Amino acid sequence: MEKFDVVVIGGGVVGTAVLRSLSAYNAKILLLEKSSDVASGASRANSGIVHAGYDAEPGTKKAYFNVKGAAMFPALTKALGVPYRMVGSLVAAKEGGLPALQELKARGDANGVKTEIISREEILRLEPNIGPEITYALYAPEAGVVSPYKLTIAQADQAVVNGATIRLEEKVVALQKSKDGFILRTEKGEYTASYVINAAGAGASEVNALIGEYAPMETHGVGDYFILDSKEAGVVNTVVFPLPDEKGKGILVGPTADGNVILGPTSRKVPHERAEENEVTREGLDLVREGVKRLIPAVNLRSVIRVYAGTRTAVGSDFIIEQSARFPHYFMLLGICSPGLTSAPAIGEYVAAAAAEALGLTKKKEFLPLPARFHLNKSSDEEIKQKVAEDPAYGRIVCRCEKVTEGEILDAIRSPLPAHTVDAIKRRVRAGMGRCQGGFCRPRVMEILSRELNVPLSSVRMGDKGSEIAPYEVKEGYEKV
Amino acid sequence: MKKFDVVVIGGGPAGMAAALGAREKGATVAILERDTRLGGILNQCIHNGFGLHYFGEELTGPEYAKRFRDKVLADSGITVYLEAMVLSFNEQKVVRALSPTEGLLEIQAGAICLAMGCRERSAGAIGLLGTRPAGIYTAGMAQRLSNIDGYLVGKEVVILGSGDIGLIMARRMTSEGAKVKLVAEIMPFSSGLKRNIVQCLNDYNIPLRYSTTVTRVTGKQRLTGVYVAPVDEKMQPILEKEEYIPCDTLLLSVGLIPENDLLSGTGVQMAAVTSGAMVDEYRATSVPGVFSAGNVLHVHDLVDNVSEEAFVAGRAAADFAKGVLPCGDTVAVIPSDGVRYALPQRVHPGEGKVKLYFRVDKVYKGRTVVVTSGGKEIKRKKPLVMAPGEMQNIEIEKSLITGEIKIYTEE
Ligand SMILES: Cc1cc2nc3c(=O)[nH]c(=O)nc-3n(C[C@H](O)[C@H](O)[C@H](O)COP(=O)(O)OP(=O)(O)OC[C@H]3O[C@@H](n4cnc5c(N)ncnc54)[C@H](O)[C@@H]3O)c2cc1C
Ligand SMILES: Cc1cc2nc3c(=O)[nH]c(=O)nc-3n(C[C@H](O)[C@H](O)[C@H](O)COP(=O)(O)OP(=O)(O)OC[C@H]3O[C@@H](n4cnc5c(N)ncnc54)[C@H](O)[C@@H]3O)c2cc1C
């Protein structure tokens, strides 16, 4: 049985934020994630907005962590090399919507968030393509966009660089209190921990149930999205929301941190057993089309390169972020729905500090940075020349749409938290995320994985177990080259 | 900086023929090819059926490619850069490429010939509904995995779209012991070649349903099935008639898109219907010295036509580099009444003949194609059948061109 000081359950943006913050302390720490990669739950499929913080009810945990988290993004993403842009956001209202905007603004003021109500003329300066019915907007200049999975992965990588252990494909199936801590069991092993942090997202209630903690009913809302080709990037500059309603912040149009355009999400209730299906529906996409038309009618839906869905998990109306009263040294994070991504860095610090205090952990002398990576797309000619001279793999383009080289893919496979599936590579370096969606590069990425991991191509997976891409051998008629 | 009269981007059948065409005119030529070898998409097309027109015999894709490759490699006037991906070119015709051996490579071209081929439309592009499991592939991806890597993607297959690659993969997977349960085509006709429907589906009793589409897919890690439904006249699925087909594989053969990303910002005028450049009969684009041929110009169904077109472009590119390409005013070629597009889109009046390639918008039996110029009929032709999946052509005398050319069909 391996012994750890702290075990974090769940490798979403919250769990990895906690792990990263914890890795600054002198402690033996472990993260257990049931999927084949971190960022496999809600942190993979969301809107990627760093909310300014005017939306949350003043005085709530949501308001506190949102505002605190948002302020951390510029420095954090820079240090981690994660795509982030402070593009600002607009809540766009039609005639008659002014009182609702004023209410939002008042909330923003109470939360200490910079906002401003602007006229159509001023909106047009920011968004020349805004719909004709829009007359006012609440402008929040400090809202931003981030790549949510890259943030999650980078947090995990930096934690590993600082000594944390991450075990993938290990679902926590049993959790019990022992004399001096906890015993956790996964399908693969058993661990003991002095302190356990439940950051299991949609599975957090289930994990609580394992140990007999409060396991509230969660509600799950699926959101459908379209992603448009990067050539449409100019159609929208800020994140444009409609007025929020009882269902949430509504269907937005905005740029993504990686330079595409995102449209969505809807909010369709699904039962718990279907919370991980992430099924895209016709009704959902129709609603997105409808919503988008009113905000930015110029959006070109023929440039769609991908549709997807993500599932939010909520428990009541606020985050549950607290140390268990029944089991000291057990910390639970439940109902971390939106603005959970924005809040994650602040939640991570807070929870790590709580664990450190409980265990009397001290800070390490040095917190190691994440080494910078080469990205062809972001490099100057000089940098490219030098890099290719060092290693020709950086001169071999594998993904033609996103211009990703073999060298970058090898870096992903050899990361602190290594990528070992096609999707894991895609999330790290964007191979297969462009307009052809891997039509051309996927077989090549599979070949590289097969070679590097020294496994037959037939066992290369897209993601989790059972997702092998080309599972059978061909009997005849091909020439091996 | 290295200099060549003609720089060919892409070393598929179009690129190789363009290079050989340019050599006929004595030009120095460079081919920049992203892959590790010449041949393009042909390398994975191990079936028969190439070269019937050009060589008068049936070859496999790799055999057809080899005939050209041998000539290209034997010609000391052609420099081939492999694993060299072109990133951009500018107004001065400096071509920038990246390769593991050369690093960032800059080449000064006298003329550029585009031959980058095409890519397949993806599941995302058609907004495929449902879950996101493994088991969904474009047909060409599955073809590459089986024919180059030696791995089969699945055992129980539904194919969406009846493009040629999908049809050929239906046969290929069947011969490997997979069961192809259905080919669903949303249109009332196939975009594939008639001969492929006969040889790849009918001969193996694989059902093809027209006016039918896949409405959604199921499965978490691996595909477990697809729903299919007929569509109405507006192409909307009739959901009451949705039917579930269990399967582990969905192949998409829903269209090819010319790979013209390189052209953004170059000022090359594009044609909306073909998604390729607008060209004249020399395959010259609107930017002087930039030529285009093969699937990057418009999607071809026969490689023979690709080679022919690329020879034209290659010769013209060489002439341009030497300053002897005829120029002057052109007249427009305007398609209508059943002709979806015609290419070239512009023609110079003068001597000799020019072939107009075109595609029709649905299946026509016994309909006549008419070409007029300046309001006067200059050619007519009555093929037995014309189908959207089969590119047609009609040859006209340039001397008869007196004004705008119209090409249309009539009863
Ligand atoms: C549609 C949508 C849009 C959103 N938009 C935004 C936005 O724009 N801005 C914003 O700030 N927030 C947004 N959010 C919210 C944000 O995405 C979430 O709050 C955040 O991702 C939650 O992170 P998490 O780490 O708690 O959960 P998750 O990312 O779901 O991570 C939980 C992890 O735990 C693992 N796990 C579960 N059970 C176990 C177990 N028993 N053992 C081991 N591992 C387990 C799961 O596999 C998963 O990887 C959005 C959410 C959705 C769904
Ligand atoms: C799957 C399939 C099956 C077919 N079956 C038949 C058949 O049975 N019979 C028949 O006659 N025809 C068939 N065809 C049609 C014919 O083979 C194709 O139309 C022909 O191969 C197109 O040639 P191309 O040179 O234009 O394109 P490609 O063969 O696609 O070649 C383009 C080349 O350009 C390279 N390239 C692209 N971008 C760059 C860049 N930026 N820098 C450097 N290099 C680049 C690519 O690597 C590629 O090698 C088939 C086509 C396909 C796709």
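Which of the 34 residues around ligand 2 come nearest? They are B:Ala14, B:Glu33, B:Arg34, B:Ile41 and B:Asn295. The model is predicted.

**Where ligand 2 lies**

- Ligand 2 is placed between chains A and B.

**Polar contacts of ligand 2**

- The side chain of B:Glu33 has an N or O atom 2.6 Å from an oxygen atom of ligand 2.
- B:Val86 uses its backbone instead: a polar atom there is 2.9 Å from a nitrogen atom of the ligand.
- In B:Asp301, a backbone N or O atom is 3.1 Å from a nitrogen atom of ligand 2.
- On its own, ligand 2 exposes 990 Å², and the protein buries 96% of that area.

**Make-up of the shell around ligand 2**

- Four elements of chain B give two or more residues each to this shell: α1 (13–24), β3 (48–50), β6 (85–89) and α6 (303–321).
- The largest contribution is from α6(B), with 3 residues.
- Sorted by class, the shell holds 17 nonpolar, 11 polar and 6 charged residues.

**Where ligand 1 lies**

- There are 39 residues around ligand 1, and the nearest are A:Glu33, A:Ser43, A:Ile49, A:Ile336 and A:Thr342.

**Polar contacts of ligand 1**

- A:Thr342, one of the nearest residues, has a polar side-chain atom 2.6 Å from an oxygen atom of ligand 1.
- A:Ile49 is also among the nearest residues, and a polar atom of its backbone is 2.7 Å from a nitrogen atom of the ligand.
- A:Lys34 has a backbone N or O atom 3.2 Å from a nitrogen atom of ligand 1.
- Ligand 1 has 1,000 Å² of accessible area on its own, of which the protein covers 96%.

**Make-up of the shell around ligand 1**

- In chain A, α1 (13–22), β18 (304–314) and α8 (340–359) each supply at least two residues of the shell.
- The shell around ligand 1 consists of 16 nonpolar, 18 polar and 5 charged residues.

Notes: Residues numbered from 1 in each chain as written. Chains lettered and ligands numbered in written order. Predicted model: local features only at pLDDT ≥ 70, side-chain atom pairs only at ≥ 80, totals over all residues. Heavy atoms only, no water. Near = heavy atom within 4 Å. Polar contact = N/O pair within 3.5 Å; in protein donor to acceptor, adjacent residues only side chain to side chain. Areas by Shrake-Rupley, 256 points an atom, 1.4 Å probe, with all protein chains shown as cover. Nonpolar A, V, L, I, M, F, W, Y, C, P; charged D, E, K, R; others polar.
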